[in-house]
Amino acid sequence: MLLKSVYQTLWDMTIIGGVIKHYSYFAVPYVVAENPDISPKKAITLSRKMMYGHKWECFKLEFSFVGWYLLSLISFGILEVFFVKPYEEMTYGEYYAYLRKEAIDKNVEGSELLNDTYLFEKADPQLLREVYNDKIIIEEEQEYKENLLERILGVVPFYGKKEEIYRRNMFLRTKKAEIDVILEGKAYPRRLFTMKESKEHEKNEYLQPLRHYSITSVILMFFTFSMVGWLWEVSLHLISDGEFVNRGVLQGPWLPIYGSGGILILLLLYHFRRKPWLEFILAVILAGTVEYYTSLYLEMTHNGQKWWDYTGYFLNLNGRVCAEGLFVFGLGGMAIVYFLAPLLDNLIRKIPFKILVAACACLLVLYTADQIYSSKHPNTGKGITDYAYVRDTNDSSLFSTSLYSGKCIYTLETVSMARNN
């Protein structure tokens, strides 16, 4: 793909050549997906041969999406994310299937590489039963009884053999469900792929999201998410304004709203991990609730000071939350549940228990001290709480902006007076 981009960039300098090569290289990503070990030049050459006589046809196919692109712009990209992009990719995938069949029928040079049969055909049921007849199918779950805390929040006091049994049971359930779908012919049989299958089982079990988390693991993940949130906001200000700003109410390098949101998504939505789409919707609602009431609480306890303000943003609610932020929080919550939390938990499990307890105790002491100090001396000032509010003389709507950049801000009234003069 890198070589394709280089070639495309060079051809773009000739303008017409760039347009032609755009369609010549159309099939490259699909050829590579079917043959991950193919050489770059072979993939590009095969794409060129497959697209011979189809460039104008491909142009018309792309052009048919122009109306959808315009609707996506009107919807601020929302339609593109939830409908247009999936629709477009599925259309191109079917178009590649058509090009592929024609290349095989015409015996195009290199078409022997297009041999991943089960992308387009269902495997023989008997063959599937033989290939997937392994120990995972016959391995039975061990008896395990959850206590109240485990059943509601998925939290255990500490890790032990009991937790390992639970995690293995969850992995077996997930894996057997996946294999059942494959045996029914409803999913791609990875074990019949032309290349040798990677260590799929170990990888899936390593990042298994259906697990319990220990109290020490939850505490360390809270601080990890809080510090990552702090780094994220500090980096945004550093990049956009070229200044280091210690973001947040507290003095330390942590933003507890990120840690709290991440942990609440992980624990309160414990029972929804098997349904990612529902997990995402609930994560958005939960994150929005936390952000809204945190903003309200801070304003009520600190004389109306604001540490963030979304006034003027698309679909904002009293400047406390907005659609853009909630969508990002939803994606972040999904990343936490299905990737970051399992990954961090695996690393935490390797740390000796005494060291874990000591680390948690130290962090909690520092955090508590910061909370006590910041309750009377919150982190305020340039780039943190200095929001200016301006009101249009002809409109009751309120706009806000931060003053930390040091730039001169003209109110709408000033602009109106200037125009009249």
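These legends describe an overview and close-up views of salt bridges in a predicted model. Local features need pLDDT of at least 70 and side-chain atom pairs pLDDT 80 or more, while totals for chains, interfaces and linings use all residues. Residues are numbered from 1 along each chain as its sequence is written, and side-chain values use heavy atoms, without hydrogens and water.

**Figure 1. The whole protein.** The protein has 18 helices and 6 strands; these are DSSP runs numbered from the N terminus, helices (H or I) of at least four residues and strands (E) of at least two. Of its 421 residues, 38% are buried (under 20% relative accessible area; exposed is over 50% and partly exposed in between, with a 1.4 Å probe and protein chains only).

**Figure 2. Lys85 and Glu89 in helix H7.** A salt bridge (a side-chain nitrogen of Lys or Arg within 4 Å of a carboxyl oxygen of Asp or Glu) joins Lys85 and Glu89, with 3.7 Å between the closest N and O atoms. The two are 4 residues apart in helix H7 (residues 78-105), about one helical turn. Lys85 is partly exposed, at 38% relative accessibility, and Glu89 is partly exposed at 38%.

**Figure 3. Arg247 and Glu233.** The closest N and O atoms of this salt bridge are 3.2 Å apart. Arg247 lies in the loop between helices H13 (215-241) and H14 (256-268) and Glu233 in helix H13, so the pair ties together parts 14 residues apart in sequence. Arg247 is buried at 7% relative accessible area, as is Glu233 at 19%.

**Figure 4. Arg320 and Glu299.** Their side chains form a salt bridge at 2.6 Å, N to O. Both residues are buried.
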